[in-house]
Amino acid sequence: MKRGVRISAAPEDNQEVFSKTAMDALVPISLSHVMTVSVLLAAAGVGTILTKRHAMGILIGVELLLNAAALNFVASGRWLPWNGWPVPQQADGLVFAIFIIVLAAAEAATALAIFLNFYHRFASMDVEKADQMKG
Amino acid sequence: MWSLGVYSALSAEIIQAVLFYGFAALAVLGAWAIVLSGHIVRMAVYLLMTLAGVAGLYFVLGAQFLGAIQLLIYAGGTLILIVFGVMLTSRLPGQVLAASRGERLAGLLIAAVLGGLLLWATAMTPLVIGEPGTEPAAYGSLQELGREFLGRYLAAFEAAGVILLAVMIGAGYMGRRRSQE
């Protein structure tokens with residue numbers, strides 16, 4: 001079972017909380033649960049970028065990475081209060097995620113235009129064909 | 001071991017957990033199906049599955065507007081762009097472009113190592129969630145979000161507009177019809 005350390009204002013209240021049953025660790029959804037999902041999506045995104053030869057496949061991998069980052073932002077904005085400056089607002093995570101979606105759409109459009117030119121030049125979507133600057 | 005403990009059968013926490021795990025499974029299975037699949041159109045469909053799962057997660061986390069935006073713009077815009085790209089650039093239907101086995105194995109290994117390291121870091125970090133006994137505030141209303149965009153994030157909002165304009169001009173120019181060369 002995972003240990004959780006809860007830090008409170010009064011030092012004598014600090015204690016280690018051990019999960020008594022599996023349900024205590026699994027049911028109250030918290031930041032670490034959502035971060036685990038985000039990590040799995042990010043790993044899948046990196047795996048896709050590294051193992052695909054089709055240009056669109058690499059673009060799909062980039063979209064996966066962006067989704068993982070946006071999910072991380074939303075979860076952190078929901079559960080992590082911080083005492084930094086400037087004063088955090090509750091909608092911070094949402095705003096970051098919306099910007100990520102906007103930029104992902106813009107980047108997909110630009111990548112598509114580039115890939116259309118690539119296909120026009122090489123008559124294939126194989127990224128191995130782009131080797132004219134090699135060596 | 002699977003005693004419910006203090007949770008009654010249909011408490012809100014159990015319903016939230018069931019929904020969370022359902023959408024999380026949808027997202028993660030779709031993502032890993034993309035890695036393991038070879039056919040580009042199947043990868044686009046699995047990406048749709050992943051995007052739907054992530055949108056569901058946004059709804060479970062209380063960010064309803066973001067979930068709707070994700071479905072409208074990501075699944076209904078970016079994914080459609082990708083499918084258009086696949087459609088416009090395919091010559092032989094069903095052709096599978098696969099990297100060599102060694103490359104794929106190395107890529108999967110790197111992804112697994114990265115995932116393992118990040119999972120370990122997530123498990124080892126004590127994530128402070130505020131004072132014990134207080135519930136962190138849920139995401140607020142749409143009015144708050146609008147006030148954020150026109151308040152603190154005004155500069156970033158305007159910059160995003162400029163980026164979109166630049167992308168429209170650039171993509172339109174790069175994708176123009178050329179005379180036969």
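Predicted model: local features only at pLDDT ≥ 70, side-chain atom pairs only at ≥ 80, totals over all residues.

Author: Arg53(A) sits in the loop between α2 (31-51) and α3 (55-79) of chain A, while Asp126(A) belongs to the segment after α4 of chain A, so the pair ties together parts that are 73 residues apart in sequence. With a relative accessibility of 23%, Arg53(A) counts as partly exposed, whereas Asp126(A), at 5%, counts as buried.

Over all chains the structure holds two salt bridges, and the other joins Arg152(B) to Asp92(A), with the closest N and O atoms 3.5 Å apart. This pair crosses between chains, running from the loop between α5 and α6 (154-174) of chain B to helix α4 of chain A. Here Arg152(B) counts as partly exposed at 35% relative accessibility, and Asp92(A) counts as buried at 10%.

Asp92(A) also takes part in a helix contact, in which Asp92(A), Leu94(A), Val95(A), Ile98(A) and Phe99(A) of α4(A) meet Leu145(B), Glu148(B) and Phe149(B) of α5(B). By class, this contact of α4(A) with α5(B) has six nonpolar, no polar and two charged residues. The axes of helix α4 (residues 92-122) of chain A and helix α5 (residues 142-149) of chain B come within 10 Å and cross at roughly 65 degrees, and α4(A) and α5(B) are therefore roughly perpendicular to each other. The crossing in which α4(A) passes α5(B) is right-handed.

Methods:
Residues numbered from 1 in each chain as written. Chains lettered and ligands numbered in written order. Heavy atoms only, no water. Axes fitted to C-alpha atoms, helices over the stretch in contact; angles between N-to-C directions. Helix = DSSP H or I, 4+ residues; strand = E, 2+ residues; numbered from the N terminus. Parallel < 35°, antiparallel > 145°, perpendicular 65-115°, else oblique. Left-handed = near helix turned anticlockwise from the far one by under 90°. Contact = heavy atoms within 4.5 Å. Nonpolar A, V, L, I, M, F, W, Y, C, P; charged D, E, K, R; others polar. Salt bridge = Lys/Arg side-chain N within 4 Å of Asp/Glu carboxyl O. Buried < 20%, exposed > 50% of the residue type's maximum accessible area, 1.4 Å probe, protein only.
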